[in-house]
Amino acid sequence: MTLARRIGRAALALAAVAAPLSMASAQEAKVKWKMAGTFSSSLPQLGTLGKRLEEQIAKVSGGSIEIRFYEPNALVPPLESFDAVSVGAIDAAFSTPGFWGGKVPALQVFAALPFGPPSPEYMAWFYFGGGQEIFDEIYAKHGIHSVMCGMLAPEGSGWFRHEIKSVDDLAGLKLRFFGLGAKALEKFGVSAQLLAAPDVYPALDRGVIDGLEFVQPAIDLKMGFWQIAKHYYFPGWHQQSTFFDLMINKDKWDALSETQQAQIEAVCGDNVRYGIAEGEAIQIPALKELKEKGVQLHRWSDEDLQKLHAAVDEVIAEQVAADPDFKRAYESFSTFRTDYATWKDLGYLK
C-alpha cells in the first residue's frame, strides 16, 4: 500500500471517529433555563400551562432543553418579571403581554382587547395579518424575544358582594381589573388597579378592593372568591380571548440553535391549542359548582355593554394618540378586523 493510500485511509478513519464525537458534543450542549411563573402552578391554565411547557419541551427536545418553572416570588416578584428577563437576571418568564401595559402600552394589543376577537380571529391576525412582526419588534427594543405560548377562553367580568344594577353603579368602587378594560372602567368613576394573583383574595377579604375580575369560572372557583362575593358578572367584555407568552432574554434566544428555537415554538404552538380546548371544557363543571355554592350569575344588559363599548373606544383613541407603537399595532389589528368581517359574515352562523 502506498503512503498516499495509507494517509487517505487514516483520514477517513479519523473522520468516522470525529462524526459521532461531534454529534455527542451537540447532544451534550444542553440548555438549562430558569422560568419565572407569574401565577401559581396550581392555578388552572394560568400556571398549569407553564408547567405543561416545562414538561413538553423536555420530551420534544429529548432532554436538550430544560425550562424549569419557578413559582411566583421564588425568583422575582411577578410584576417584576419583565425587567428581570430584559436585563438577563432570569432566563425566561411565563405571563401575558398585558401585564406590562404600564411599561409598554402597545403590548396590551397582544394580550386581550376589550370587545375584541375570539381566539381564531386573534390568532389569524397575529400569525398571518402582520401582528407577530410588530410584536417581535416591540419586545426586541427591551432585549426580549417572546413566543406566544397559551390562549385563554373568555373571562368573567366581575365579582361583587352586592348586586350591581347598572355599570353606572360602579362609580366610586375600587376594583382589581386588567388591561385596557381597567382604563375603560375609570370613565365610570372606578378606581382600578392591577394586583398580582397572591394579593387578590386578601385584598377582597380585607375590603381593600370592593370587587374584582380575575379570569374564568374554573380559575375563579379555585381562587375562592365565592366565599366573599356571591354576584358574578358576564360576559367578559374586556377579555374575550387572552394570549399568554413565554418571554425569553433575547441574548439567550439568539444563542439557541435553529432546531432548539423550532422546538420551543412547536411546544408553545401546541400549548396554545391545548389552552383553547381546555379552557372551553373546564368552565362547564366550574359553573355548576359555583351555582351549588350559592353564586348568582348575572349578564350585563345590552345597554350596559353599549356604554362599556363607548368607554373602550375612548380609551383606544387616547392610547393611539399617546403611543406610536400602540397606534401601529392597533391600526394593524383594526385593518385586519375590517377585512376579516367579510369572511366572518359569510362563513359563520350568526
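Me: Which backbone oxygen lies 3.2 Å from a polar atom of the side chain of Ser 64?
Reply: Keep in mind that this is a predicted model. Ser 64 sits in the loop between α2 (48-60) and β2 (65-70). The backbone oxygen at 3.2 Å from a polar atom of its side chain belongs to Ser 61.

Me: What parts does the disulfide tie together, and how many residues apart in sequence are they?
Reply: The structure holds 1 disulfide, and it joins Cys 149 to Cys 268 with an S to S distance of 2.2 Å. Cys 149 lies in strand β4 (residues 144-152) and Cys 268 in helix α10 (residues 258-281), so the tied parts are β4 and α10, apart in sequence by 119 residues.

Me: In the open sheet of 5 strands, which strands stand at the edges?
Reply: The order is β2-β1-β3-β10-β4, with mixed pairing. Two of these strands have a single partner strand each, so one side of each is left without a neighbour in the sheet: they are β2 and β4.

Me: Within that sheet, what is the bridge partner of Ala 92 in β10?
Reply: Strand β3 (residues 92-95) pairs with strand β10 (residues 242-249) in the antiparallel sense, over 4 bridges. For Ala 92, the partner in β10 is Ile 248.

Me: What angle does the direction of α10 make with that of β4?
Reply: Helix α5 (residues 131-140) packs on the sheet, touching β4 and β10, and its direction makes about 130° with that of β4. α10 packs on the sheet as well, touching β1 (31-37), β2, β3, β4 and β10. Its direction makes an angle with that of β4 of about 25°.

Me: And the open sheet of 6 strands: which residue in β11 is the bridge partner of Phe 234?
Reply: This sheet runs β7-β6-β8-β5-β9-β11, again with mixed pairing. The edge strands are β7 (191-193) and β11 (296-299), each pairing on one side only. Strand β9 (residues 231-234) runs parallel to β11, joined by 4 bridges. Phe 234 has as its partner in β11 Arg 299.

Me: Over which residues does pLDDT stay under 50?
Reply: The chain has a mean pLDDT of 92, and 92% of its residues reach 70 or more. Where pLDDT is low, the predicted coordinates should not be read in detail. The stretch with pLDDT under 50 has 2 contacts beyond four places in sequence, and it covers residues 1-26.

Me: Last one, zooming out: how much of the chain do buried residues make up?
Reply: The secondary structure comes to 13 helices and 11 strands. The C-alpha atoms fill a box of roughly 100 × 40 × 40 Å along the principal axes. Of the 350 residues in the chain, the buried part is 50%.

Technical notes:
Residues are numbered from 1 along each chain as its sequence is written. This is a predicted model: local features need pLDDT of at least 70, side-chain atom pairs count only at pLDDT 80 or more; totals for chains, interfaces and linings use all residues. Side-chain values use heavy atoms; hydrogens and water are left out. A disulfide is a pair of cysteine sulfur atoms within 2.5 Å. Helices (H or I, at least four residues) and strands (E, at least two) are DSSP runs, numbered from the N terminus. A polar contact is a pair of N or O atoms within 3.5 Å; within protein, one must be able to donate a hydrogen and the other to accept it, and residues adjacent in sequence count only if both atoms are side-chain atoms. Two strands pair if DSSP finds at least two bridges between them. Contact means heavy atoms within 4.5 Å. Axes are lines fitted to C-alpha atoms, for helices over the stretch in contact, and angles run from 0 to 180 degrees between N-to-C directions. pLDDT is the predictor's confidence in each residue, from 0 to 100. Buried means under 20% relative accessible area, exposed over 50%, partly exposed in between (1.4 Å probe, protein chains only).
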